[in-house]
Amino acid sequence: MLPEHPTPDDAALTRPLGGRTRRVAAAVSGLLAAATSVAVGHLVAGLVQPAASPLLAVGSTFIDLTPEWLKSFAITTFGEGDKIALLVGIAATLAVLALGIGLLGLRSRPLASAAIAAFGVVGALAAVLRPLGGPIAVLPSIVGTVAGAAVLILLIRAVTGRRGATQAPSRSRRRFLVAAAGAGALAVASGGVGVFLSGRRAAVAAAGGGVAIPAPIDLALPVPAGTELGLDGLTPFYTPNERFYRVDTALEIPVIGPADWRLRIHGMVDREVNLTLTELLELPLIERDITLTCVSNQVGGGYAGNARWTGVSLATVLGEAGVRPEADQIVSRSIDGMTIGTPTSVALDGRDAMLAVTMNGQPLPAVNGAPVRMIVPGLYGYVSATKWLVDIELTTFDAYDPYWVERGWADKAPIKTMTRIDTPRPLARLASGELAVAGVAWAQGRGIERVEVRVDEGPWQQARLAQVPSADTWRQWVWTWPAEPGRHILEARATDASGETQTGDRAEPFPSGATGWHSVVLTVA
Ligand SMILES: Nc1nc2c(c(=O)[nH]1)N[C@H]1C(S)=C(S)[C@@H](COP(=O)(O)O)O[C@H]1N2
Ligand SMILES: [Mo]
């Protein structure tokens, strides 16, 4: 039954929007139009090419153009949340601009639609210019822009009423609220489905895509008893895959179906080689325990992890192509366009550089570079550990600067000897008595010979070292401290098997890795 007289409430709802309310509604319209545009773009990208999502493409372009100091600031401030921080920053900027576009819509709907289209062009350009790019990459931005402009026009119409009918009853709060809720729901739903679609692709690829990985014929050295000291708070010898650190520039994890994967080896070689995954896996597999470390790791930081990898020796793969003697640099490329430069000598000096396909007994996880990544013992990840590897070019250091080197990082970067105190934790409050001070130390390729601890800058005391299978992994250590009440500072330093003790001089990670002794301040009651 229709009410004969509007109730006071209904009267409020059908009152024309005016003045301030009108401007707020217009600004909200802009916001919803932008949200719809981004979300629909993300959805379409989930269907055709996840990296072509306008938001991600603009974000990735931003990462590549970001000056090094800002990147370092982001990594130091936000750690592994750096990518989230970037996306939030881009979304916030977009939101402010979108509010303005909404207000512009009050004056001219065509102009406001043109402004949305301008963002679409930015998104499309960014997507096409990404390494995966290709003509298909414009599609998410186009569909997103059309959806965003449609939402804007509909909502602004609801705010202003139809042209010529300035006092039309359709100029109602209710009509606007319904339309706005609809647009909001559309944005949330398409964004959600987009996220789901991209996530599912990664999950499928990570499951190994059905490719059977043969058992290695050259096994890792046996892990001696006493490798694991088994102390509370001490880093385990093997880092579980889901707890392994992650450092890369990829906003969207690249997904390569194992059947589509190809590796091209070219440049200064005797013959170009192209391998499918099946062909790669026909080569003999080796198995090794190797600790990977990031150059961005701060003293005491967590950007290091140890895993058991299997893969094909890099020397074997290069042997197929025949490396010319002048080629002193191997430039490896990932499917997302990352380039990493490694000295050719380290691939051929007998160390266990490999193209890895499993990590701790599992096919490589998507975040760690599925289906194939490089691992080179003794070199920081940014000069050796290319994830989502698809291309290896033999060249020279003179001829080519890869991604990080272009940004000022060292072109050669062996891992520096380092030790970290895992327990006690900084600022711990502990009871006096015998306390275990323990941690891990690494000097991949050389091995750890000694770890020492000192209290309040007193004499260095030698820690007990755990066993290790090889020089390529970190090594646990423990020192028993007869702790007396007071506020104390613990410091630790390591000496590698070449006899060199790590320097106490503090240096930042840029440009070739942090130095200095890790210290922990705590209180004993
Ligand atoms: N494709 C690609 N590979 C990459 C990177 C990257 O940004 N893109 N980062 C490198 C760096 S800096 C490090 S430390 C290691 C980290 O590997 P993880 O994420 O598996 O720990 O990957 C290396 N490989
Ligand atoms: Mo790194």
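Predicted model: local features only at pLDDT ≥ 70, side-chain atom pairs only at ≥ 80, totals over all residues.
Residues are numbered from 1 along each chain as its sequence is written, chains are lettered from A and ligands numbered from 1 in the order in which they are written, and side-chain values use heavy atoms, with hydrogens and water left out.

**View 1. The whole protein chain.** The secondary structure of the protein chain comes to 12 helices and 19 strands; these are DSSP runs numbered from the N terminus, with helices (H or I) of at least four residues and strands (E) of at least two. The C-alpha trace spans about 90 × 70 × 45 Å along its principal axes. Of the 525 residues, 51% count as buried, a word that stands for under 20% relative accessible area, with exposed meaning over 50% and partly exposed the range in between (1.4 Å probe, protein chains only).

**View 2. Helix 5 and its cover.** Helix 5 holds 26 residues, 82-107, which at 1.5 Å a residue should span 38 Å, and this agrees with the 39 Å between its end C-alpha atoms; the expected span is 1.5 Å times one less than the number of residues. Buried residues of helix 5 include Asp-82, Leu-86, Ile-90, Ala-98 and Gly-105. What covers the buried residues of helix 5 includes helix 2 (19-48), helix 3 (54-65) and helix 7 (139-160).

View 3. Ser-37 has its place in helix 2, and it counts as buried because its relative accessibility is 14%. Leaving aside its neighbours within four places in sequence, Ser-37 is in contact (heavy atoms within 4.5 Å) with Gly-144, Thr-145 and Gly-148. A polar atom of the side chain of Ser-37 lies 3.2 Å from the backbone oxygen of Gly-144.

**View 4. Leu-275 in strand 2.** Leu-275 is found in strand 2, residues 273-276, and counts as buried because its relative accessibility is 8%. Although Leu-275 and Arg-262 are 13 residues apart in sequence, their C-alpha atoms are 5.6 Å apart in space. Leaving aside neighbours within four places in sequence, the residues in contact with Leu-275 are Trp-261, Arg-262, Leu-263, Leu-280 and Val-317.

**View 5. The surroundings of ligand 1.** Ligand 1 is surrounded by 20 residues, of which the closest are Tyr-245, Thr-249, Asn-368, Arg-373 and Lys-387; a residue is counted here if one of its heavy atoms lies within 4 Å of the ligand. The shell divides into 10 nonpolar, five polar and five charged residues, where Ala, Val, Leu, Ile, Met, Phe, Trp, Tyr, Cys and Pro count as nonpolar, Asp, Glu, Lys and Arg as charged, and the others, Gly among them, as polar. An oxygen atom of ligand 1 is 2.7 Å from a polar backbone atom of Tyr-245, and a nitrogen atom of ligand 1 is 3.2 Å from an N or O atom in the side chain of Ser-334. The protein covers 99% of the 530 Å² of accessible area that ligand 1 has on its own.

Note on methods:
Polar contact = N/O pair within 3.5 Å; in protein donor to acceptor, adjacent residues only side chain to side chain. Areas by Shrake-Rupley, 256 points an atom, 1.4 Å probe, with all protein chains shown as cover.
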